[in-house]
Amino acid sequence: METKTVAVVTGASQGIGRATALRLARAFSAVVLAAREKNALESTALEVRKSGAEAITVACDLREPAAAEAVVKNALDRFGRIDALLNIAGAVPQIDLFEMTDAQWDDGAALKLHGARRLTIRAWDALKKTGGSVVFMSGSAAFDPKPGFAAVAAINAAILALAKAFAEQGIKDGVQVNSVSPGAVLTHRRETFFDKWAPAHNMTVQQAMEEFPKQVGIARFGKPEEIAELMAYLVSPAAKWMTGAALRIDGGEIKGI
Ligand SMILES: NC(=O)c1ccc[n+]([C@@H]2O[C@H](COP(=O)([O-])OP(=O)(O)OC[C@H]3O[C@@H](n4cnc5c(N)ncnc54)[C@H](OP(=O)(O)O)[C@@H]3O)[C@@H](O)[C@H]2O)c1
């Protein structure tokens, strides 16, 4: 009998996480989908099943410590193994450095940094058993911090370091760990970014969406499916020797080497 392979994807209800789950449905036997919105998760699950993979949903708030336990328990109870963990959920507030409150900083870190950290720790033993792979989601702001989005930059930079620390442990434990830093990808989150960026640049949202690529020096926005392809590569057998890498996929936005 063929061994089932199981991927866990957070943020799978929309955007990059949903695109990644759908892409992984072509490579894994089963995909475990986590985020808060049950209905949106079920819609992703429906699409995953159409590709021939099994899917279960775990509706949870990954800021809560108990969520990591729920995701891993559901995955192991149903499928008995975890081969890949893709930590994609993130919603760091996009607020000016001088206006952002401690509570807003804590909230951003609670999901994107600590949610991913806790889930990876909770899934680690299962990943050790399969020689599995983990991908952390950072973002290009880590490489180009601006005062308007300082928390996004700082938390993304912390994720690069966190992923590297897990990767170092993973060399001993047989678990591969990398991080991905997308640039501007058109998703719901990017639209909310323009709600702030447009007035700050005296533009309408429509004008801002046309102007932004020119201002940051890219030919166009990225698509969630393009990020999903890289995520799928990183958890594929072809990438097995790649670990501890921090990969940028940003249409050339970051100009430094
Ligand atoms: N789009 C970009 O330009 C861009 C650039 C760089 C990095 N990124 C990163 O890519 C990741 C995905 O972003 P996206 O653009 O695809 O955003 P998105 O469309 O807003 O998706 C965010 C995902 O995170 C989930 N999520 C939010 N709060 C949660 C919580 N408390 N518990 C569990 N899940 C939660 C959301 O699901 P629910 O609402 O159902 O919980 C959703 O599935 C984020 O980490 C983001 O920082 C995006």
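Helices here are DSSP runs (H or I) of at least four residues, and strands (E) are runs of at least two, numbered from the N terminus. I count a residue as buried if 20 or more other C-beta atoms lie within 10 Å of its own, exposed if 12 or fewer, and partly exposed in between, with C-beta atoms placed from the backbone. Contact between two residues needs C-beta atoms, placed from the backbone, within 7 Å.

I noted that this is a predicted model, in which local features need pLDDT of at least 70, side-chain atom pairs count only at pLDDT 80 or more, and totals for chains, interfaces and linings use all residues. Residues are numbered from 1 along each chain as its sequence is written.

**Entry: H6 and what follows**

I looked up the buried residues of H6, and they are Arg190, Phe194 and Trp197. I checked its length: the 13 residues of H6 should span 18 Å at 1.5 Å a residue, and the end C-alpha atoms are 19 Å apart, which agrees. The expected span is 1.5 Å times one less than the number of residues. H6 also bends by about 25° at phenylalanine 194; the bend is the angle between axes fitted to the seven residues ending there and the seven starting there.

I then went to asparagine 202, in the loop between H6 and H7. Its phi is near 55°, a positive value in a residue other than glycine. Most residues other than glycine have a negative phi. Asparagine 202 is exposed, because 8 other C-beta atoms lie within 10 Å.

**Entry: H4**

I did the length check on helix H4 (residues 102–130): its 29 residues should span 42 Å at 1.5 Å a residue, and the end C-alpha atoms are 39 Å apart, which agrees. I found a kink of about 50° in H4, centred on tryptophan 124. Just after H4, glycine 131 has a positive phi of about 60°.

**Entry: ligand and domains**

Which residues come nearest the ligand? Of the 28 around it, they are Gly15, Arg36, Glu37, Gly90 and Gly139. A residue counts as near if its C-beta atom, placed from the backbone, lies within 6 Å. I sorted the shell into 12 nonpolar, 9 polar and 7 charged residues. Ala, Val, Leu, Ile, Met, Phe, Trp, Tyr, Cys and Pro count as nonpolar, Asp, Glu, Lys and Arg as charged, and the others, Gly among them, as polar. Helix H1 (15–24), H4 and H6 (188–200) each supply at least two residues of the shell.

I took the domains from an automatic or database assignment, which gives domain 1 (6–185 + 223–249) and domain 2 (186–221). Both domains give residues to the shell around the ligand, so the ligand lies between them. Their centres, taken over C-alpha atoms, are 25 Å apart. I found 10 residues of domain 1 in contact with 12 residues of domain 2. The domain 1 side of this contact has 4 nonpolar, 5 polar and 1 charged residues.

**Entry: two alanines**

I looked up alanine 7, which lies in strand E1 (residues 6–10). Alanine 7 is buried, because 31 other C-beta atoms lie within 10 Å. Beyond four places in sequence, its contacts include Leu24, Phe28 and Val235.

Alanine 142 is in the loop between strand E5 (133–137) and helix H5 (150–173). Alanine 142 is buried too, with 22 other C-beta atoms within 10 Å.
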